[in-house]
Amino acid sequence: MEAVPTLDAAQRVGVLGAGTMGAGIVQVVAEAGVEVIVHDPLPGAYERAKQRISGFIRRRAEKGQLDDEAAALAVARIGEAGSIEELATADLVIEAIPEELDLKRDAFARLDAAAGPRAILATNTSSLSVARIAAATRRPERVVGMHFFNPVPLMALVEVVAGPLTAPLTVDAIAIFARRLGKTPVVAADTPGFIVNRVARPFYLEALRILGDGEAGVEAIDEAMRAIGFRMGPFELIDAIGADVNLAVSESVHEQLFFDPRYRPHQIQRMLVDAGRLGHKSGGGFYEYGTDGARTVPWAVLARRPEGPRPDRLTAEQITARILAVIVNEAASAVAEGVASPHAVDTAMRLGTNYPSGPFEWGERIGLAHVVRTLDGLHARVPDGRYRVVPLLRTVVERGGSFTEDR
């Protein structure tokens, strides 16, 4: 393998795709002082993206976040590439096109054929296998995941995803370049969901199980999680993301992890999508949103809210204990499987999802032994595997160890 270019001195970056994510990547690259060329095959896509980016940069200047000269220079660094092949003149090409494997593989094959031998090809995929994308090229050692979070200019995290054949020097180069963009990189293995989309699954799924079993209502669950520092409860967050997007990611992770019951989507997710209740973008999801800003829970969800004095109705403390326990267990599973280090997992979840603390930080605070007892109690009630304690977590507890002691 030839030497990997030192991207801390990169002169030109190419971005494939001028949608929301692509435009955000273009903006942060240009603001970092690097020339960036953009290609999008949709007519007018580049022009619309540059207009939006120019507006965002201008507003930053108006707020005093950039001086006028820096803003003008950033916009001037953005140019159009007439084809995928023209992007190949860059030291680094970042792909940000729709999440369709065949589409990405075709793009990477064309980039590989045209790019110089030292160029790095990065994918912004949030859910697809980096290995399967890299297999379309003759340079898998120079193909890497560079997963930004939306909105790119505001979100600090970048997941740097190493495929099985990605060279360590390539991973290092991308991590260094992410820092040049003002981002915090975390290195993750090429496994379903990487760090954030995997470890975040229990936040939604356990809330849905509690709701589906009639043990607490939508508002009670959301209020309980907000009370311990989460900016939004799980149902508020699903409404913000979109129930269709949330279901698609849940189904993808479940399938890619061989239908492990820990990741099984809930029927309520499918019910909302089938009913067209996708959240904010459709006018309502778990909540109805009035024009006056008022928010109510609709009848379809109210039907699942427990009424009256039921002995199985959960308190706020019990709700949070259950949801935090499954999050910590999932984080331990990711570490056990070599997805990332405990520190990287905590960093990713704080920066990528705005969790008030990382999973292991939570676990240490409430007590890992308490987490294991909670999971064992749930597994005794529902022994289908969804609550099984990850062996690494149990071993750490039995040995009186810690996931955070080396920080």
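Hi everyone. What you see above is a predicted model, where local features need pLDDT of at least 70, side-chain atom pairs count only at pLDDT 80 or more, and totals for chains, interfaces and linings use all residues. Residues are numbered from 1 along each chain as its sequence is written, and side-chain values use heavy atoms, with hydrogens and water left out.

Let's start with the sheet. Eight strands make an open, mixed sheet, in the order β3-β2-β1-β4-β5-β6-β7-β8. A word on terms: helices (H or I, at least four residues) and strands (E, at least two) are DSSP runs numbered from the N terminus, and two strands pair if DSSP finds at least two bridges between them. Which strands stand at the edges? They are β3 (78-80) and β8 (184-189), and each has a single partner strand, so one side of each has no neighbour in the sheet. On average, neighbouring strands are turned by 25° against each other, direction ignored. For angles, axes are lines fitted to C-alpha atoms, for helices over the stretch in contact, and the values run from 0 to 180 degrees between N-to-C directions.

Now zoom in on one pair. β1 (residues 12-16) and β2 (residues 35-39) run parallel and are joined by five bridges. Arg12 has Glu35 in β2 as its bridge partner.

Two helices belong in this part of the picture. Helix α2 (residues 45-62) lies across β2 and β3, at about 170° to β3. Helix α5 (residues 101-114) packs on the sheet and touches β1, β4 (92-95), β5 (120-123) and β6 (143-148); contact here means heavy atoms within 4.5 Å.

Next, helix α13, residues 267-274. Its buried residues are Ile268, Gln269 and Leu272. Buried means under 20% relative accessible area, exposed over 50%, and partly exposed in between, with a 1.4 Å probe and protein chains only. And what do the buried residues of α13 pack against? They pack against α9 (201-212) and α12 (243-256), while Gln267 and Asp274, on the other side of α13, are exposed. After α13 comes Gly276, with a positive phi near 75°.

Leu237, in helix α11 (residues 234-241), is also worth a look. Leu237 is buried, at 19% relative accessible area. Leaving out residues up to four places away in sequence, Leu237 touches Phe203, Tyr204 and Met232. Phe203 is 34 residues away along the chain, and the C-alpha atoms of Leu237 and Phe203 are separated by 10.0 Å.

Finally, some backbone details. Most residues other than glycine have a negative phi, and most peptide bonds are trans. Where might we look for something else? The peptide bond from Asn150 to Pro151 is cis, with omega near 0°, and Pro151 lies in the loop between β6 and β7 (157-162). In the loop between α12 and α13 we find Phe258, with a positive phi near 60°. Phe259 is in the loop between α12 and α13 too, and its phi is also positive, near 60°. Phe258 is exposed, at 75% relative accessible area, and Phe259 counts as exposed at 53%.
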